Amino acid sequence: AEDCDFVIAVKAMGTKGINKTRGKDITLADTMIGSIQIVSNGLMDRSFQLRKPDLLLSAELEGFKPSDFRRASEIVAANTKLLEQCKKAITHHLEGS
């Protein structure tokens with residue numbers, strides 16, 4: 001990361017976990033992936049303390065379960081604002097402001 005001019009990190013794991021999927025069937029896989037997310041979020045937070053990215057984007061995952069791999073196009077569509085945030089930040093950086 002020292003060789004990079006601009007570091008972008010994307011937090012693409014749910015922070016609210018299974019709580020936001022009320023009314024949906026929660027599988028064993030959802031529970032296992034949710035547990036991994038808890039650990040991974042902690043590791044990412046620690047990593048960001050050691051080397052803060054220039055831009056940290058957090059994906060909007062509310063309403064999606066950890067096992068919703070087949071809904072990738074919906075997840076991407078729900079996060080189009082991240083692309084705009086990224087474009088603005090990169091433009092700002094390149095202009096040196």
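Predicted model: local features only at pLDDT ≥ 70, side-chain atom pairs only at ≥ 80, totals over all residues.
Strand β2 has a covered face, formed by L55 and L57, and an uncovered one, formed by L56 and S58. Residues are numbered from 1 along each chain as its sequence is written, and side-chain values use heavy atoms, with hydrogens and water left out.

The protein contains 3 helices and 2 strands, and these follow one another along the sequence in the pattern β-α-β-α-α. Helices here are DSSP runs of H or I with at least four residues, strands are runs of E with at least two, and both are numbered from the N terminus. The strands β1 and β2 run parallel and are joined by 4 bridges, where strands are said to pair if DSSP finds at least two bridges between them. Within this arrangement, A9 stands opposite L56 of β2.

Buried residues make up 26% of the 97 residues in the protein; the word buried means under 20% relative accessible area, exposed means over 50%, and partly exposed lies in between, with a 1.4 Å probe and protein chains only. The largest nonpolar core has 7 residues, namely L55, L57, A59, L61, L82, C86 and A89. Such a core is a set of buried Ala, Val, Leu, Ile, Met, Phe, Trp, Tyr and Cys residues joined through side-chain atoms within 4.5 Å. Both β2 (55–58) and α3 (80–94) supply at least two residues of this core, and the largest share, 3 residues, comes from α3. A59, a member of the core, touches K11, A12, N79 and L82 when residues up to four places away in sequence are not counted, a contact being heavy atoms within 4.5 Å. Of the contacts with a separation of 6 or more, 79% are between residues 24 or more positions apart.

What does the outside look like? The protein exposes about 7200 Å², and carbon and sulfur atoms supply 56% of it. On this surface, I8, V10, I90 and L94 make a nonpolar patch of about 350 Å², to which β1 (8–11) and α3 each supply at least two residues. L94 lies in helix α3 and counts as exposed because its relative accessibility is 67%.

The charged side chains remain to be described. Side chains of opposite charge can pair when their charged atoms come close. The structure holds 4 salt bridges, each a side-chain nitrogen of Lys or Arg within 4 Å of a carboxyl oxygen of Asp or Glu. In one of them, K11 pairs with D45, and the closest N and O atoms are 2.8 Å apart. This pair links distant parts of the chain, since K11 is in strand β1 and D45 is in helix α1, 34 residues apart. K11 is buried because its relative accessible area is 12%, whereas D45, at 36%, is partly exposed.

R71 takes part in two further pairings, one with D68 at 3.1 Å, N to O, and one with E74 at 3.0 Å, N to O, and in this way D68, R71 and E74 are linked in a network of salt bridges. Within it, D68 is buried, with a relative accessible area of 13%, while R71 counts as partly exposed at 24% relative accessibility and E74 counts as partly exposed at 40%.

Note on methods:
Areas by Shrake-Rupley, 256 points an atom, 1.4 Å probe, with all protein chains shown as cover. Patch = residues over 30% accessible without salt bridge, like charges linked within 9 Å, V, L, I, M, F, W, Y side chains within 5 Å.
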